Amino acid sequence: MTDVSYDPRTGRVNGEVEATPLDQVDAIVAAAAACAIEVAATPPAERVRWSAAIADALEAARDELVDLADAETALGRPRLEGEVARTAGQLRFYADVAVEGSYLGATIDHAAGANPPLARVNVPLGPVAVFGASNFPFAFSVLGNDTASALAAGCPVVVKGHPAHPLLSQRLGALATEALRDAGAPDGVLGIVHGFDAGVHLVAASQIAAVAFTGSQRAGMALREAAQQRDVPIPVFAEMGTVNPVVVTPAAAEARLGEIASGFVGSFTLGTGQFCTKPGLLLAPRGSRAAEAVASALRETAPRGWALTQGIADAARTGVGELVDAGAEVVAEIAGPDDGWSVSSTVLSVPLDALQPGSRLLEECFGPVALVAEYDDETALTRTVGALQGTLAATVVADGDSDPDLPGVLAELTSKAGRVTVGDFPTGVAYTWAQHHGGPWPATSDPTATSVGAGALSRFTRPVTYQSVPDAALPAPLRESNPWGIPRRVDGRLMTP
């Protein structure tokens, strides 16, 4: 069986990639396991060179890679050129986080009284299986956040190439493998496999220590179940996404509803609505005529685009029908292109009382589709927010910093989301030290984990305490000389190099 590459604009075949035979999957995993101890012991200052080599190779091959990605995703050159730059930046950022070293949590307690000497540090888990996303062929795929943070944390990686862009996945794997070899990284530190069966086999491989995934809830749950059925279960860090709500306060609706509606449309149709952070539900005060305002903004912008795959296009159309069956009403629908995997941009209104736990209305419709509902008062809004599923992001649009409703709405949304924005629509996710790209179940399989930002490295480590171990035998981060030059807590005091 092969992964077939299609052009979303026409549906024509670009080419295909042969599935990886299962014995070859075993060999790739074995190579990752064979170098795991060496990779873990390599100083972060050396691993920086590995990540920089991949980033440099990405940038050098940008034009070739963008052409290949555009043929498989129809996302357009400007978007894809920016994504290549972002991916290179991510690789360098995570490597720098590793050099800084606080993610290791190095803690040293010297012997005192009856207490023996203890030293604790986070150690790499071992080989990580990465399943990337269709909607970010660079930033969340073969060399994306998961791969970059796992390598930075000292873990070999085996990536499952994505069937929505198999030719690009294959090329990225080859490019990175060559760059790592030239940088002196050990063989096996990065491998790639292709095909559904290869992915299933990869998760079951006994030497795989963790799985990182970005995609649909159905696929994420399947991976989680497979990982739990192993003889030795392993963690699955699945970022799956749900409906990201936007709450407009009464004062904001009165002051600038038209502007808010335009911003909402721009956000939920960005990338043809194929963002896990897409805002899918706008809650505005009763009488604001918010649905009409959003519909008007949608008609003015008339976004056009293609779904990444035929399956996504079909699911978006089916999803709109399911939302209507569940009580929503189409207010405006703008058709996409005439050819290929076209998808319409749609805004629907829904009665607030229909937003009940378990309703299809509270499940994600991936694509340029959004719901609008109006709330009567704070009590009704609180009840509705309480009915929402856990989500990656939530937004409050207020009338300035002194809006009296801002603190209360912010507190309500904090209970549901991993990131809460005020005035900013949530589609962009910066890779920074403070970022958290995760959220309560079912947005992710682990609400404490983030797939973007400095905290992403922690997913791929576990703490170990060493008792009465001679200094020379301790891992480098715990030795008295502090050879890696990292911050450590020594006898209760934080010490910086």
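## How two helices cross

The crossing of H1 and H7 is right-handed (the near helix is turned clockwise from the far one by less than a right angle). The axes of H1 (residues 22–41) and H7 (residues 196–204) come within 10 Å and cross at roughly 40°. Here, helices are DSSP runs of H or I with at least four residues, strands are E runs of at least two, and both are numbered from the N terminus. H1 and H7 are therefore oblique to each other.

Where do the two helices touch? Leu22, Val25, Asp26 and Val29 of H1 meet Asp197, Ala198, His201 and Leu202 of H7, with contact meaning heavy atoms within 4.5 Å.

A word on the model: it's predicted, so local features need pLDDT of at least 70 and side-chain atom pairs 80 or more, while totals for chains, interfaces and linings use all residues. Residues are numbered from 1 along each chain as its sequence is written, and side-chain values use heavy atoms, leaving out hydrogens and water.

A cavity is a set of points on a 1 Å grid, over the protein atoms alone, where a 1.4 Å probe fits but cannot get out; lining residues have an atom within 4 Å of a point. There are three cavities of 30 Å³ or more.

The largest cavity has a volume of about 90 Å³, a volume being the space filled by probe spheres set on the points. Its lining includes Thr242, Lys278 and Cys365. The second largest cavity comes to about 70 Å³, with Phe237, His437 and Arg459 among its lining residues.

How values were computed:
Axes fitted to C-alpha atoms, helices over the stretch in contact; angles between N-to-C directions. Parallel < 35°, antiparallel > 145°, perpendicular 65-115°, else oblique. 1 Å grid on protein atoms, 1.4 Å probe; cavity = no way out; pocket = protein on both sides within 12 Å on 5 of 7 lines; lining within 4 Å.
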